[in-house]
Amino acid sequence: MGMDLTLFMVDWERLGAVPVEDRIGLLEDMAWSWGPEEPYDLGRGRADGRLRPPGPAWCAEYSFLTTNGAHMPHVRAGSAWAGMRSLVDASVREPMDTFLDGLVRDAGPAFAGGEGFFPPAADPWYRHVLLACPPEVLPGKARAWERVEPRLEELREPFAAECEGWAGRPESFEAFTALVREWGAVTTTVAGRGWGLVGLP
């Protein structure tokens with residue numbers, strides 16, 4: 001059984017007012033707010049993928065429609081981009097790097113742990129935060145997405161050359177672009193609110 005990704009759109013200031021050691025637990029409680037004896041409410045989701053759990057108005061969960069909550073499709077998308085990026089013109093490659101780094105591509109500790117915004121994982125084999133993208137980073141990502149989105153079709157041939165038929169890559173170009181478009185939608189929304197993104201396993 002693989003790891004999941006639960007993505008939150010969060011008012012960084014409001015979450016920052018919570019003690020560091022309680023932040024992850026608070027988000028987990030909001031995502032899984034029903035008790036062990038209560039049935040999961042499948043009707044909570046919206047058609048555009050956003051999900052607002054019962055709780056404060058300063059936090060919402062984004063449910064990816066293309067992944068069923070699994071983390072592996074995001075890893076595969078990052079692997080696909082790493083494989084094809086050298087075949088892509090710099091005018092697309094550079095904004096795509098800006099957009100995807102820290103979302104589906106590991107960009108180092110600023111995204112893996114939020115630079116002290118979250119406590120370090122007690123167990124080095126278990127990362128409590130898959131990504132933490134603070135509000136100051138998201139406007140740049142949204143601008144990069146604006147540049148990349150109209151040119152996604154230019155990635156079709158590089159994808160065919162480097163990804164089709166390879167294990168650990170998305171099943172199709174359409175699957176890859178559908179997931180990237182979802183990241184574009186959530187990034188644009190969160191940047192517009194001045195919020196941040198947090199991904200938990």
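Predicted model: local features only at pLDDT ≥ 70, side-chain atom pairs only at ≥ 80, totals over all residues.

Me: Let's start with helix packing. At what angle do helix H3 and helix H8 pack?

Reply: The general idea: two packed helices are described by the angle between their axes and the distance between the axes. Here, H3 (residues 72–84) and H8 (residues 173–193) pack at about 105 degrees, and their axes are 10 Å apart. Angles of 65 to 115 degrees count as roughly perpendicular, so that is how H3 and H8 sit relative to each other.

Me: Which residues in H3 and H8 meet?

Reply: From H3 you have Pro73, His74, Ala77, Ala80 and Met84, and they meet Phe176, Leu179 and Trp183 of H8. Sorted by kind, the residues of this contact are seven nonpolar, one polar and no charged.

Me: Now backbone angles. What is the phi of Asn68?

Reply: First the background: most residues other than glycine have a negative phi. Asn68 isn't a glycine, yet its phi is positive, at about 55 degrees. You'll find Asn68 in the loop between strand S3 (59–62) and H3.

Me: Is Asn68 buried or exposed?

Reply: Look at the relative accessible area: over 50% counts as exposed. Asn68 has 76%, so it is exposed.

Me: And where is Glu146?

Reply: Glu146 belongs to helix H6 (residues 138–148). With a relative accessibility of 59%, Glu146 is also on the exposed side of that cut-off.

Me: How far apart are the C-alpha atoms of Glu146 and Phe99?

Reply: They are separated by 9.7 Å, while along the chain Glu146 and Phe99 are 47 residues apart.

Technical notes
Residues numbered from 1 in each chain as written. Heavy atoms only, no water. Axes fitted to C-alpha atoms, helices over the stretch in contact; angles between N-to-C directions. Helix = DSSP H or I, 4+ residues; strand = E, 2+ residues; numbered from the N terminus. Parallel < 35°, antiparallel > 145°, perpendicular 65-115°, else oblique. Contact = heavy atoms within 4.5 Å. Nonpolar A, V, L, I, M, F, W, Y, C, P; charged D, E, K, R; others polar. Buried < 20%, exposed > 50% of the residue type's maximum accessible area, 1.4 Å probe, protein only.
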